[in-house]
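I opened my notebook to look at how two chains meet. My entries follow in the order I looked things up.

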Amino acid sequence: MPPEKKAKESPIMEIDKLIHEPARLSIMANLYVVESADFLFLMRQTGLTFGNLSSHLSKLEKAEYVYIKKEFVGKKPHTMLQLTKKGRDAFMEYRKNMKQVFEELPE
Amino acid sequence: MNPELDLKELEKKAWLTYFQDGFWDILFGIMMIMGAIRALTDNILFTFLILGGVLVPILGKKYITIPRLGRVRFNPDLRFQKKKLVFVFIVAIMITISFFLIAISNVEPLSGHASPFMALLLVLVLGMLAYFIDYWPLLLYGLMMATIEVFWGIYGVPTGPVIELVFGSTALFIGITMMIRFLRKYPLPNEEELANAP
């Protein structure tokens, strides 16, 4: 079997690099365990700064992993965040691949 | 590595963040202290203050916890757990009101403290509540209140109320310490910045 083909089939090559970045992984995992959360809740849970969280969320939104909904609570603007179906599936796939990578590591 | 377990832990951490504010502990502290003062002074005003204590977690969550912690909608499994919590909370309020009515009825043997029955009921209700919401200090308060009932039943006044006062002050101290820690850990966010969130 050619080495390129073998590498392509390896689960480590299937790892979603967009999710693999630690900050984005934390965002995805925190959104995965809830139905939806607001920007402040996610900031508290991940420990990311406003700027960092905004920047990573934009990337996840661009990949259609996260749905960002702007709404008003009273007179104040409020941002609610939710994983999309694509985001949930991508996260599940990421977990599966990571688990496989660790399982295939020699003792 | 156990990814399944990690996610469960993360979900639990998110859920329990809402109990770090100390309001539940403050509520039980107030209930026990007011109950003790009510018995020692025989002033009915303190019975109303026991009921007023229920407002502490409700108003505290609305005006202190959520503005600092943000809003979250938990997954349907946990939401079901929340519904069970509301059910147990309603039952607990009904029992509190029943105790209140019994206490002011002066009908023997219903008035006063029916120790073993009440002790068992308190442990049962608070144990159920602790189980459903996964916040085990509530069981400790149930055991504290049950102990008070037993001592009250055996030794009467003032031993019962004095023990209640000590336990109540302990719970209040724990609650206030937790609240101070919570306020320090989660200061009010910059509203203007949040309004500009993506």
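**Strands across the boundary.** How many bridges join strand β1 of chain A to β1(B), and do they run parallel or antiparallel? I looked this up first. I noted that the model is a predicted one. Three bridges join the two strands, and they run antiparallel. On the chain A side, the strand covers residues 34-38. I then picked out one position within this pairing. A:A37 stands opposite B:V72 in β1(B).

**A charged pair.** Next I looked for salt bridges. Between chain B and chain A I found one. A:E35 forms it with B:R73. Their closest N and O atoms are 3.2 Å apart. I set that beside the 4 Å cut-off for a salt bridge. Side chains of opposite charge can pair when their charged atoms come close. Over all chains, the structure holds eight salt bridges. Where do B:R73 and A:E35 lie? B:R73 is in strand β1 of chain B and A:E35 is in strand β1 of chain A, so the pair joins two chains.

**Polar contacts and who supplies the surface.** I counted seven residue pairs in polar contact between chain B and chain A, both residues at pLDDT 80 or more. Which elements of chain B each supply at least two residues of the side that touches chain A? I listed α1 (3-17), α4 (55-69), β1 (72-74), α5 (76-105) and α9 (191-195). α1(B) gives the most, with eight residues. I sorted that side of chain B by class. It has 19 nonpolar, four polar and nine charged residues.

**Extent of the interface.** I went on to the totals. I found 32 residues of chain B in contact with 28 residues of chain A. The size of an interface is often given as the accessible area lost when the parts come together. Here chain B and chain A bury about 2700 Å² between them. Of that area, 61% is on carbon and sulfur atoms. Which residues of chain B lose the most area to chain A? I wrote down B:L7, B:R71 and B:P198. Together they make up 25% of what that side buries.

**Aromatic pairs.** Last, I turned to the rings. The count comes to nine aromatic pairs over all chains. I noted one of them, A:Y32 with A:F91. This pair is tilted, at 4.9 Å centre to centre and 40° between the planes. The two residues link distant parts of the chain, 59 residues apart. A:Y32 sits in helix α3 (residues 22-32) of chain A, and A:F91 in helix α6 (residues 85-104) of chain A.

Notes. Residues are numbered from 1 along each chain as its sequence is written. Chains are lettered from A and ligands numbered from 1 in the order in which they are written. This is a predicted model: local features need pLDDT of at least 70, side-chain atom pairs count only at pLDDT 80 or more; totals for chains, interfaces and linings use all residues. Side-chain values use heavy atoms; hydrogens and water are left out. Contact means heavy atoms within 4.5 Å. Buried area is the accessible area (1.4 Å probe) that two parts lose on being put together, summed over both. A salt bridge is a side-chain nitrogen of Lys or Arg within 4 Å of a carboxyl oxygen of Asp or Glu. A polar contact is a pair of N or O atoms within 3.5 Å; within protein, one must be able to donate a hydrogen and the other to accept it, and residues adjacent in sequence count only if both atoms are side-chain atoms. Helices (H or I, at least four residues) and strands (E, at least two) are DSSP runs, numbered from the N terminus. Ala, Val, Leu, Ile, Met, Phe, Trp, Tyr, Cys and Pro count as nonpolar, Asp, Glu, Lys and Arg as charged, and the others, Gly among them, as polar. Two strands pair if DSSP finds at least two bridges between them. Rings of Phe, Tyr and Trp (its six-membered ring) pair if their centres lie within 6.5 Å; planes under 30 degrees apart count as stacked, over 60 as edge-to-face and the rest as tilted.
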